[in-house]
Amino acid sequence: MTAVPLVTILYVLVNISYLLVMSPSEILSSDAIAVIWGDRVLGSWAWLVPLAVALSTFGTVNGGFFSGSRVCYAAAREGHMPQLMSMIHVNRLTPAPAQIFTTAVALLLVIPGNFSTFVNLLSFLSWLTYGTTFACLLYLRIKTKNLPHTYKVPTFIPAIMLLVSLYLVLAPIIDHPQIEFLYIFLFVLSGFPVYFLLFHFQCQFKCIQTATMHLQLLLEVAPTTKDH
């Protein structure tokens, strides 16, 4: 109730300041709006803008790294990902396999080197995931309305966010169709056969079990219980 309105107000004020300093054509043609704004408003102190951007980026990546790896860790504990992801380091008590997996995926994503394409595709995938989450929340809210809900939020909030997610997923496809969007969608769908084969039907391949054992010894990790 405090953080979201505060961030929204700050974002609106920043955009208003951009429009007061620069023309719409300059904003559309610029690759670094904040840098131009800093040169015109802050003068010799303009170096504070890229410094603040770097600090903000580092904080976001740091938070995303720890939270994203723990999503993999929690999913593995529920049986939705390989068992190795649910293990923690025996001394540091951190989900080391999940963190290494998150780092490896991040390194693979930056290989193409096109930052704008990466941001567009990641945004598409993120909002597709968020929209699915909101839709599931609404479905469970209707389907299990007589059961106690651990996640308490007014129904209109996920309903609005579902509409926002649909817009942010469909808008880039309609405005600028790319074959990469199809690849991303097929990549998401590929998770279904992998999940049903390896986790739902518990098809355990000997090579996977052997790899899990060796990686467990190499990384010095051990399984956890539901209460720890």
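Trainee: Is Ser56 buried, partly exposed or exposed?

Mentor: This is a predicted model, and Ser56 is found in helix 4 (residues 48-77). Buried requires under 20% relative accessible area and exposed requires over 50%. Because its relative accessibility is 47%, Ser56 counts as partly exposed.

Trainee: How far apart in space are Ser56 and Phe187?

Mentor: In sequence, Ser56 and Phe187 are separated by 131 residues. In space, taken C-alpha to C-alpha, the separation of Ser56 and Phe187 is 30 Å.

Trainee: Which residue forms a salt bridge with Arg40?

Mentor: The structure holds 1 salt bridge. The rule asks for a side-chain nitrogen of Lys or Arg within 4 Å of a carboxyl oxygen of Asp or Glu. For Arg40 the closest N and O atoms are 2.7 Å apart, and the partner is Glu26.

Trainee: Which parts does that pair tie together?

Mentor: Arg40 and Glu26 are 14 residues apart in sequence. Arg40 lies in helix 3 (residues 33-41) and Glu26 in helix 2 (residues 24-29), so the parts tied together belong to helix 3 and helix 2.

Trainee: Are Arg40 and Glu26 buried, partly exposed or exposed?

Mentor: Arg40 has 45% relative accessibility and therefore counts as partly exposed. Glu26 has a relative accessible area of 27%, so Glu26 is also partly exposed.

Trainee: How is the protein divided into domains, and how far apart are the C-alpha centres of domain 1 and domain 2?

Mentor: The domain assignment gives domain 1 as 78-111 + 178-227 and domain 2 as 113-176. The contact takes 9 residues from domain 1 and 10 residues from domain 2. The C-alpha centres of the two domains lie apart by 24 Å.

Trainee: Which helix gives the most to the side of domain 1 that touches domain 2?

Mentor: Across this interface the rule finds 0 salt bridges and 0 residue pairs in polar contact, with both residues at pLDDT 80 or more. By class, the side of domain 1 that touches domain 2 has 7 nonpolar, 1 polar and 1 charged residues. The most, 5 residues, comes from residues 179-189, which form helix 8.

Note on methods: Residues numbered from 1 in each chain as written. Predicted model: local features only at pLDDT ≥ 70, side-chain atom pairs only at ≥ 80, totals over all residues. Heavy atoms only, no water. Domains from an automatic or database assignment. Contact = heavy atoms within 4.5 Å. Polar contact = N/O pair within 3.5 Å; in protein donor to acceptor, adjacent residues only side chain to side chain. Helix = DSSP H or I, 4+ residues; strand = E, 2+ residues; numbered from the N terminus. Nonpolar A, V, L, I, M, F, W, Y, C, P; charged D, E, K, R; others polar. Buried < 20%, exposed > 50% of the residue type's maximum accessible area, 1.4 Å probe, protein only.
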